[in-house]
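Good morning, colleagues. Please turn to the sequence and the model on the screen.

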Amino acid sequence: MSWLFVMLQHMRTFIVPLLAFLIFGRTDRNELWSLVVICLVAAASVWRYLTYHYRISADSILIKSGILHRTLRQIPFSRIHNVALHQTLLHRIFGVAEVRLESAGGHKPEAEMRVLKLSDANALEALIRRRGAVAPADVETQPVAAEAPLSQLRPGSDGVLLTLPTSEVLRLGVISNRGMLVFGAALVGTSQLHVQLPDAVAQRWSQALNYFFGHFGISQVAVVLIVLLVGFFVLLRLLSVSLALLQYTGFRLEQQGRRLTVTRGLLTRLRTSAARRRMQAFQLQETVLHRMFSRRSLKVDTAVSGSHHDDRTFRELAPVASPEVCDTLVRHLLPGGTWPPSHWRPLHAHAWLRLSLPGVLLSLVLTAALYWRYGTWGLLGLAWLLPAVFIAWQHARRAGYAVDDTLVAIRSGWWSRRWRFAELDKLQVLLLHRSPLDRMLGMASLSFDTAGADPTKSSLRLRFLPVEEARELLIRLGREVARRPLRW
């Protein structure tokens with residue numbers, strides 16, 4: 001059945017045009033071309049099924065594919081850092097799973113086996129973990145800090161570290177904004193259908209709107225609009241809760257030896273894992289809604305290939321948990337358990353001025369445009385100056401960094417707060433940069449790169465330090481990193 005699952009995987013792009021063609025009988029030829037493309041995809045899927053084979057040797061797995069253009073890949077077990085098992089509802093009905101073999105570096109898995117029997121997938125996962133075990137000299141010898149057990153966390157060498165009961169999954173749905181993804185997808189799907197209302201329906205709708213705005217006062221219209229906005233917000237929360245239930249029901253974080261494994265999903269089941277030494281950088285996040293529920297989220301960057309926007313990537317250690325649970329989990333995973341830092345160092349004394357410049361410039365440009373259009377009333381745009389400066393001051397007041405013998409940590413944000421930190425052994429590149437404005441104000445910024453970081457942004461960026469302090473920190477960390485072996 002591999003060819004069927006491969007075809008369905010590629011057909012997602014053409015589902016909406018195909019439905020439009022079948023339901024509405026469109027005369028647009030684009031839908032007919034979609035049918036042609038689907039037939040080609042089906043043929044390519046069968047071709048892939050007939051030409052894809054794998055074989056297990058003593059120390060590696062060999063994958064052969066292609067007939068005209070043949071490829072033979074040999075992947076040593078010791079280089080496979082993660083075996084991810086993915087099951088959609090259709091996979092579970094047929095008792096099969098998709099298997100992804102991932103290694104450090106790159107932007108795609110080493111191999112993707114679209115369909116294996118579930119028993120074969122589990123056996124392959126166990127075989128790769130057993131034969132690809134880390135050599136004894138590479139085993140982590142750092143002692144694990146002993147912590148008092150909490151309601152959701154059970155410290156120890158092996159076992160379940162974190163579970164999410166249904167109540168926590170519901171909180172996650174309320175806190176997150178995943179409902180906007182569903183709403184946006186619905187808008188895109190509706191736009192692809194090109195549905196046009198009949199003239200009679202459109203005319204009645206226009207008459208209803210004219211009657212509503214013509215026979216009700218401003219206060220009544222405002223009340224109705226407020227009710228509609230509240231209803232829209234509630235709808236988004238309900239969509240977020242539904243999506244959270246589908247994605248995170250049965251969430252379980254387990255430790256097995258030197259590996260952490262995450263299992264989650266209601267209809268689609270996903271199991272992925274990573275070795276503790278592959279964890280490069282951590283991120284704690286706390287939005288306003290998180291603080292209302294006394295919760296945080298904990299994510300991690302790993303030295304494993306894969307897109308940072310792929311839900312199948314090992315990233316979330318705790319989608320939602322109390323601050324105490326998150327801190328205890330971090331102490332459990334870090335050597336020595338040094339978290340949170342005891343002392344945070346502030347930014348440059350004028351960092352608030354540097355942070356407020358974008359808001360100030362925006363306010364001045366907006367005021368100029370409003371003054372040109374509306375005259376003296378346009379000067380009201382200057383009212384944004386005070387909030388912009390206040391927000392920048394709050395950001396600068398809360399930002400800071402901490403560096404000790406094992407860890408570099410950065411905190412930022414005011415409404416949404418973040419803590420990013422990594423072990424010194426995981427740092428690869430240190431960068432000091434100064435813009436012309438930074439040079440005028442005597443500031444500098446530092447960036448620290450780790451394996452597996454998102455290439456579109458710096459995972460660890462410390463902005464707006466006094467230039468001498470930044471240079472001293474760069475030299476200190478450079479010497480410290482140079483004398484340490486890279487552990488990734």
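First, the conventions. This is a predicted model, in which local features need pLDDT of at least 70 and side-chain atom pairs count only at pLDDT 80 or more, while totals for chains, interfaces and linings use all residues. Residues are numbered from 1 along each chain as its sequence is written, and side-chain values use heavy atoms, with hydrogens and water left out.

The protein chain holds 15 helices and 19 strands; these are DSSP runs numbered from the N terminus, H or I of at least four residues for helices and E of at least two for strands. The chain has 488 residues, and 42% of them count as buried, that is, under 20% relative accessible area with a 1.4 Å probe, protein chains only. Its accessible surface comes to about 27,300 Å², with 62% belonging to carbon and sulfur atoms; the areas come from the Shrake-Rupley method with a 1.4 Å probe.

Let us turn to the seven-stranded sheet. This sheet is open and antiparallel in its pairing, with the order β6-β5-β4-β10-β9-β8-β7; two strands pair if DSSP finds at least two bridges between them. Its edge strands, β6 (111-117) and β7 (159-163), each pair on one side only. From one strand to the next, the twist averages 20 degrees. Helix α11 (residues 323-333) packs on this sheet and touches β7, β8 and β9, its direction making about 150 degrees with that of β7. Axes here are lines fitted to C-alpha atoms, for helices over the stretch in contact, and angles run from 0 to 180 degrees between N-to-C directions.

What joins β7 to β8? Four bridges do, and the two strands run antiparallel; glycine 159 stands opposite glutamine 255 in β8. On to the next pair: β8 (residues 252-256) and β9 (residues 259-264) are joined, also antiparallel, by five bridges. Glutamine 255 faces leucine 260 in β9, and leucine 253 faces valine 262. These two strands form a hairpin with two residues between them, and glycine 257 in the turn has a positive phi of about 65 degrees.

Strand β18 (residues 443-450) pairs with β19 over five bridges, and leucine 446 has leucine 462 of β19 as its bridge partner.

Finally, the cores. A nonpolar core is a set of buried Ala, Val, Leu, Ile, Met, Phe, Trp, Tyr and Cys residues joined through side-chain atoms within 4.5 Å. The largest has 36 residues, of which Leu253, Phe282, Leu298, Leu317, Trp339 and Phe421 touch the most other members. Helix α11 gives the most to this core, with five residues. Leucine 253 has contacts that include Leu161, Val262, Leu317 and Leu329. Apart from this core lies another, of 25 residues, among them Val403, Leu460, Val467 and Val481.

Methods
Buried < 20%, exposed > 50% of the residue type's maximum accessible area, 1.4 Å probe, protein only. Contact = heavy atoms within 4.5 Å. Lists of a residue's contacts leave out its neighbours within four places in sequence.
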